[in-house]
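User: Hi! I have a structure open and would like to talk it through with you. Could you help me find my way around?

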Amino acid sequence: MIATFAEYPLLLLFVVASVGYLFGNINFRGSKLGVAGVLFVGLAFGAMDPQLDIPEIILLLGLSIFVYSIGLSSGPAFFQAYRENGLRDFIFTLSTLLFSGVIAGLLWLLFDFSAATITGIYTGSTTNTAALAGVIDTINNNFRDDGGKIMLQQVVVGYSFSYPMGVLGGMIAIIVMERLLKIDYHQERRALRKRFPVGGDLTSVTVRINNKAIEGKTLRDVLREYDWNVTFGRAYQDGRLLLSHWDIVFNLGDLVMIVGDREDIAIAAETLGEKVQTALDYDRTLYDVRTIFVSNPKIAGRSIASLQLNEQYNAIITRLRRGDMEMLARGETILELGDRIRFIARREDLKALSQYFGDSYQAASQVNLFSFGLGIGLGLVLGSVDFSLGSDVSFKLGYAGGPLVVALALGALRRTGPIVWSLPYSANVTLRQMGLILFLSAIGVRSGSSFVQSISLDGIWIFVASAIISLATAFAILLVGYKLIRLPFSLLMGMVANQPAILDFATSKSNNRIPEAGFAMMFPLALISKIVIAQILFLILT
């Protein structure tokens with residue numbers, strides 16, 4: 001069997017992926033490894049025989065597709081976060097990265113490692129292959145004798161032995177800190193539902209207005225005063241059924257339907273008046289409710305307000321569903337391909353609205369290969385550019401950093417003229433998972449043999465050093481970020497996730513997409529900083 005796997009690496013890839021995925025779904029006292037199980041099964045297969053290998057191109061392909069898909073979906077949240085708390089988040093992120101570099105320097109003194117070995121341990125424990133490549137390039141440029149060959153071996157060994165602990169350290173820190181800090185992910189999700197697309201338990205109720213403070217005010221003035229996270233649908237006043245709009249004036253006794261999360265509805269209803277059993281949404285004599293797919297590329301990447309539906313149709317979009325998340329439809333909400341929008345409209349406008357938005361499930365699930373290929377291509381070109389910081393320090397963003405930086409920018413833009421950069425939600429999830437499985441299968445098998453060798457005496461000390469770096473850095477980010485900086489724990493988990501397996505683990509723990517925003521905030525700065533720190537660390541200690 002080993003000989004067969006060695007001869008057919010493609011067979012090995014899919015066996016590792018399938019067994020790993022099955023292993024990741026096993027429940028360990030309420031926790032699952034998820035897709036990260038593929039990594040550990042890959043390590044097990046790689047440990048069986050050094051001949052087992054998966055071509056590097058598979059690893060690089062999976063890594064590029066994964067980070068590009070993450071960047072596209074996280075781009076808007078990334079730039080919004082830095083606009084709101086840019087300097088604070090930048091200083092915090094950079095401080096944690098410098099902290100890990102300082103720990104590596106102290107371990108060099110404590111364990112008497114060579115400069116190359118401790119630098120390899122640093123790059124491995126922070127799971128930064130680009131930093132490793134930068135150090136190797138520095139060695140090749142500055143040490144061309146036999147000493148340089150020894151340094152190359154030491155840095156690669158240090159990286160290979162410490163990489164598995166770099167993955168485990170982040171997961172261990174998340175498990176420990178969530179219990180010590182008693183994290184309530186459900187409460188965090190509710191608190192962050194306005195900032196991040198986390199979805200909600202949406203419903204609708206009918207309210208009778210009997211608060212005199214609301215009488216005579218327009219909907220625009222009411223929402224400006226109370227800032228509720230709800231949407232107004234039908235209204236019944238003066239014996240007429242009509243759709244709510246910004247200039248509608250509320251009077252005592254009016255009935256209005258509001259859509260939102262149960263708690264938000266309760267707050268709004270208490271201020272407006274009282275809930276009543278009459279359900280306006282059951283009256284479909286004039287207006288009907290329809291759910292349609294956004295499949296028209298001309299609509300994707302545009303806000304609901306910019307569509308100016310009220311100028312063409314008598315219709316209101318009340319909510320939309322993106323994947324498993326149901327969100328309120330607001331004027332600033334950006335529509336994406338694959339969104340399922342629910343609107344209330346005059347019955348005679350339903351057909352025209354369906355044609356306007358596309359309403360094709362097949363079209364909404366397809367990948368625009370032109371924009372997808374062009375985007376990744378631009379990312380790979382950027383990743384190949386050599387950035388120089390003086391005569392001795394240079395770095396490249398590589399197969400991960402280049403596509404991610406480009407994807408963040410394109411994800412925030414969403415579209416450039418006729419080119420739609422964003423992917424349909426279903427296609428993004430599929431590509432992300434496929435890229436992650438390819439990457440984890442390859443890196444697991446390729447690191448398995450080194451992982452077994454780390455059981456030797458020298459390897460044990462390397463493993464201990466990598467554990468100290470990864471655990472100390474992860475604990476510092478989670479503890480300082482949560483207690484002092486007051487960042488949400490779900491966001492901090494994404495900042496700890498310097499590797500795709502950790503991000504998938506964090507996402508499964510929180511059961512929302514907030515860790516992805518933290519990952520997108522941290523990764524570009526972390527990638528560049530670690531490349532520079534690793535080379536400076538090597539040169540100083542040498």
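Analyst: Happy to! Let's begin with strand β1, which pairs with strand β5 (residues 273-276) in the antiparallel sense, over four bridges. This is a predicted model, by the way.

User: Which residue is the bridge partner of R208 in β5?

Analyst: That's E274.

User: And how many bridges join β1 to strand β4?

Analyst: Seven bridges join β1 to β4 (residues 255-261), and the two run antiparallel.

User: How many residues of β1 are buried?

Analyst: Six of its eight residues are buried, so β1 (residues 202-209) is largely enclosed by the rest of the structure.

User: Let me zoom out. How many helices and strands does the chain have?

Analyst: There are 21 helices and 13 strands in the chain. The chain has 542 residues, and 56% of them count as buried. Its accessible surface comes to about 23700 Å², with 59% of that belonging to carbon and sulfur atoms.

User: Good to know. Which residues make a nonpolar surface patch?

Analyst: L87, F90 and I91 make one of about 310 Å². L87 belongs to helix α4 (residues 56-111).

User: Is L87 buried or exposed?

Analyst: Exposed, because its relative accessible area is 62%, and the cut-off for exposed is over 50%.

User: And T96, buried or exposed?

Analyst: T96 is also found in helix α4, but T96 counts as buried, at 7% relative accessibility. The cut-off for buried is under 20%.

User: What is T96 in contact with?

Analyst: Setting aside its neighbours within four places in sequence, T96 is in contact with T473, I477 and M522.

User: Where are they?

Analyst: Q308 is in the loop between α11 (304-307) and α12 (309-312). D359 is in the loop between α13 (350-357) and α14 (361-365).

User: What are their relative accessibilities?

Analyst: Q308 has 41% and counts as partly exposed. D359 has 32%, and that counts as partly exposed too.

User: You mentioned α14. What can you tell me about Q362?

Analyst: Q362 sits in helix α14. The residue is exposed, with a relative accessible area of 58%.

User: How far is the C-alpha atom of Q362 from that of S295?

Analyst: The two C-alpha atoms are separated by 8.4 Å, while Q362 and S295 are 67 residues apart along the chain.

How values were computed
Residues numbered from 1 in each chain as written. Predicted model: local features only at pLDDT ≥ 70, side-chain atom pairs only at ≥ 80, totals over all residues. Heavy atoms only, no water. Patch = residues over 30% accessible without salt bridge, like charges linked within 9 Å, V, L, I, M, F, W, Y side chains within 5 Å. Areas by Shrake-Rupley, 256 points an atom, 1.4 Å probe, with all protein chains shown as cover. Salt bridge = Lys/Arg side-chain N within 4 Å of Asp/Glu carboxyl O. Buried < 20%, exposed > 50% of the residue type's maximum accessible area, 1.4 Å probe, protein only. Pairing = 2+ DSSP bridges. Contact = heavy atoms within 4.5 Å.
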